[in-house]
Amino acid sequence: MKNCNGSVNSTFSFQKTNPSWKSVGANVKGFARYRSQPNDRIYINQEWIFWKDYKVGVNFGALNYDGTWDPTFVFGLATYNDQGESAYLLDMDTQSNGKIIVVGRFTNYYDGTKRNTPFIVRLNTDGTVDQTFNSGGSGLSNINENVGVSAVKVLPDDTILVSASFSGTPTYNGASIGGSVFKLKSDGTIDNTFTPAALNGNSYVETFAISNCGKIYMVGPFLSVNNVSSTSIASLNYDGTRNTYFNVGSGLSGSLLDVQITRDGKILVIGNISNYRGTSVSSLVKILDNGQIDTSFSAGQGLYYGC
């Protein structure tokens with residue numbers, strides 16, 4: 001961890017592995033931070049291969065703000081079909097009560113007990129599975145199992161914006177939902193006030209960002225939204241309908257990493273990108289709320305992606 005001036009924060013001591021777990025190897029896959037008072041917690045997920053049965057799984061645990069492991073948080077394990085196939089935790093976000101929504105490519109989550117939680121799970125603040133989330137529901141069906149659920153964003157009212165890759169009719173709790181971008185109520189049931197957005201084929205969103213005025217911005221490897229061309233970037237209104245004011249023209253070319261809303265309400269996109277709306281860009285581009293490039297922003301030569 002670094003300080004704001006770029007120097008190393010010597011008070012943060014990151015342990016790469018939880019001392020109570022043994023593994024052949026572990027790689028840090030992602031972080032998400034949740035601030036609460038008086039505690040400040042950092043969530044981490046890691047890919048593991050266990051000595052016991054050599055199955056690939058993904059752990060989810062918590063660090064204290066100084067980098068030490070939080071022993072009060074149950075160190076969980078996500079697996080895919082228990083057949084040795086890789087599981088992935090692709091995204092996570094927290095609700096206002098501190099509960100954590102975790103999504104990815106997994107079918108089970110272990111919190112001391114094996115739980116059937118295909119592709120999406122909500123954890124209590126102590127790391128145990130919240131079994132009240134979508135209680136009694138069958139969850140997602142017809143998922144493209146090469147991807148799973150790719151992105152999640154908790155909205156200000158604690159409803160949950162989700163994107164998944166589907167290989168057939170997008171289905172949740174046994175009913176067709178009409179699109180691969182959809183919204184759940186805070187309890188995990190489908191929110192029918194939101195119009196799901198249909199992406200081309202089995203495409204999906206990698207990252208969501210929400211503006212202060214409630215516009216949804218999303219990036220990912222898609223070519224159209226609701227049959228309207230929109231290459232790799234699009235915007236929705238808060239009810240799920242297309243934000244037609246946001247005109248992306250020919251869209252983005254390249255692979256996306258992230259989208260964020262800046263303090264002045266502009267849209268910042270970063271990734272291995274080379275072109276937006278027919279204009280050459282280098283790794284990052286700042287976009288106005290109408291989809292035009294913010295020409296006051298210059299990334300120079302951008303970022304270098306290489307070995």
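Select Ser211. This residue counts as buried, at 9% relative accessibility. Buried means under 20% relative accessible area, exposed over 50%, and partly exposed in between, with a 1.4 Å probe and protein chains only. Ser211 sits in the loop between β16 (207-210) and β17 (216-219). Leaving aside neighbours within four places in sequence, Ser211 is in contact with Tyr217 and Ile261. Contact means heavy atoms within 4.5 Å.

A word on the model before moving on. The model is predicted: local features need pLDDT of at least 70, side-chain atom pairs count only at pLDDT 80 or more, and totals for chains, interfaces and linings use all residues. Residues are numbered from 1 along each chain as its sequence is written, and side-chain values use heavy atoms, with hydrogens and water left out.

**The whole protein**

Zoom out and colour by secondary structure. The protein has 0 helices and 24 strands. Helices (H or I, at least four residues) and strands (E, at least two) are DSSP runs, numbered from the N terminus. Of the 307 residues, 48% count as buried. Take the contacts between residues at least 6 apart in sequence: 43% of them join residues at least 24 apart.

**Stop 1: Ser235**

Select Ser235, in strand β20 (residues 233-236). Is Ser235 buried or exposed? Ser235 is buried, because its relative accessible area is 4%. Now show its side chain. It reaches the backbone oxygen of Ile216 at 3.1 Å. It also makes a polar contact with the side chain of Asn243, at 2.9 Å. A polar contact is a pair of N or O atoms within 3.5 Å; within protein, one must be able to donate a hydrogen and the other to accept it, and residues adjacent in sequence count only if both atoms are side-chain atoms. Not counting residues up to four places away in sequence, Ser235 touches Lys215, Ile216, Tyr217, Arg242, Asn243 and Phe246. Tyr217 is also in contact with Ser211.

**Stop 2: a three-stranded sheet**

Select β10, β13 and β14. These 3 strands form an open sheet in the order β10-β13-β14, with antiparallel pairing. The edge strands are β10 (140-143) and β14 (175-176), and each pairs on one side only. Two strands pair if DSSP finds at least two bridges between them. Strand β13 (residues 166-172) and β14 pair over 2 bridges. Click Thr171: its bridge partner in β14 is Ser176.

Next, select Asn173, in the loop between β13 and β14. Its phi is near 55°, a positive value in a residue other than glycine. Asn173 counts as partly exposed, at 29% relative accessibility.

Jump to Asn226, in the loop between β18 (224-225) and β19 (228-229). Asn226 has a positive phi of about 50° although it is not a glycine. At 30% relative accessibility, Asn226 counts as partly exposed.

**Stop 3: the core**

In soluble globular proteins, nonpolar side chains tend to be buried together. Select Phe60 and Leu123. They have the most contacts inside the largest nonpolar core, which has 34 residues. A nonpolar core is a set of buried Ala, Val, Leu, Ile, Met, Phe, Trp, Tyr and Cys residues joined through side-chain atoms within 4.5 Å. Which strand gives the most to this core? Strand β6 (residues 100-105) does, with 4 residues.

β6 and β9 pair in the antiparallel sense over 4 bridges. Val102 has Val121 as its bridge partner in β9. Look along β9: Ile120 and Arg122 point one way, Val121 and Leu123 the other way, and all are buried.

**Stop 4: the largest pocket**

β9 gives the most, with 3 residues. The pocket holds about 310 Å³ of space. Of its 19 lining residues, the closest to its centre are Asn116, Thr117, Phe133, Asn134 and Gly137. On a 1 Å grid over the protein atoms alone, a pocket is an open set of points where a 1.4 Å probe fits, with protein on both sides within 12 Å along at least five of seven lines; lining residues have an atom within 4 Å of a point. Grid points are joined across faces, edges and corners, and a volume is the space filled by probe spheres set on the points.

**Stop 5: strand β4**

Finish with β4 (residues 76-79). Both of its faces are covered: Gly76 and Ala78 on one side and Leu77 and Thr79 on the other are all buried. 3 bridges join it to β4, and the two run antiparallel. Thr79 stands opposite Asn108 in β7.
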